[in-house]
Structures are given as structure tokens and as C-alpha cells.
Amino acid sequence: MISYAPLWETMRRQKATTYTLQVKGGISSSTIRRLKAGESVSTNTLDALCRLLHCQVTDVLTYIDDEV
């Protein structure tokens with residue numbers, strides 16, 4: 001399963017808000033809702049997040065093996 005927990009930590013460290021993602025990153029409110037719910041998002045969204053937050057994809061998401 002994909003977890004977006006690293007995203008929220010990265011945002012906290014950079015003092016970014018969901019409003020920042022929407023206004024500066026052009027990320028829609030429905031996409032932010034999907035991120036909060038742990039649902040899938042496009043690679044374009046991941047690219048936009050990394051570009052906006054100046055980070056790597058590992059700072060946005062992590063894979064958790066739910067079969068363990």
C-alpha cells in the first residue's frame with residue numbers, strides 16, 4: 001500500500017499548507033482529498049509535488065507491504 005505520510009511531514013518541515021499546494025502548485029482540492037484519504041494520484045501530481053516542495057518522491061510517499 002502507498003502511504004503519503006512523508007508528504008505531510010515534508011510539508012510541515014517546509015511550513016507548506018494544502019492551500020500552498022493548490023495556489024502555488026496548481027493541485028486541485030479533489031486531488032488533495034485523494035492524498036488525505038490515501039488514494040491513488042497520477043505521476044503528474046507526484047511530479048508537481050516534488051517540484052513545488054523541492055524534494056524527491058521518497059519525501060512524498062512510501063510503500064508499506066500490507067502482507068507482512
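A salt bridge here is a side-chain nitrogen of Lys or Arg within 4 Å of a carboxyl oxygen of Asp or Glu. The model is predicted, so local features need pLDDT of at least 70 and side-chain atom pairs count only at pLDDT 80 or more, while totals for chains, interfaces and linings use all residues. Residues are numbered from 1 along each chain as its sequence is written, and side-chain values use heavy atoms, leaving out hydrogens and water.

**Exercise 1.** Find which residues are linked with Glu9 in a network of salt bridges.

*Solution.* Let's start with the pairs.
- Step 1: Arg13 and Glu9 join their side chains in a salt bridge of 3.9 Å, N to O.
- Step 2: Glu9 also pairs with Arg12, at 2.5 Å, N to O.
- Step 3: The network therefore links Glu9, Arg12 and Arg13.

**Exercise 2.** Classify Arg12 and Arg13 as buried, partly exposed or exposed.

*Solution.* Now for the cut-offs.
- Step 1: Buried means under 20% relative accessible area, exposed over 50%, and partly exposed in between (1.4 Å probe, protein chains only).
- Step 2: Arg12 has 54%, so this residue is exposed.
- Step 3: Arg13 has 49%, so this residue is partly exposed.

**Exercise 3.** Work out which salt bridge Glu39 forms, and how exposed its two residues are.

- Step 1: The side chain of Glu39 meets that of Arg34 at 3.2 Å, N to O.
- Step 2: Glu39 is partly exposed, at 31% relative accessible area.
- Step 3: Arg34 is partly exposed too, with a value of 28%.
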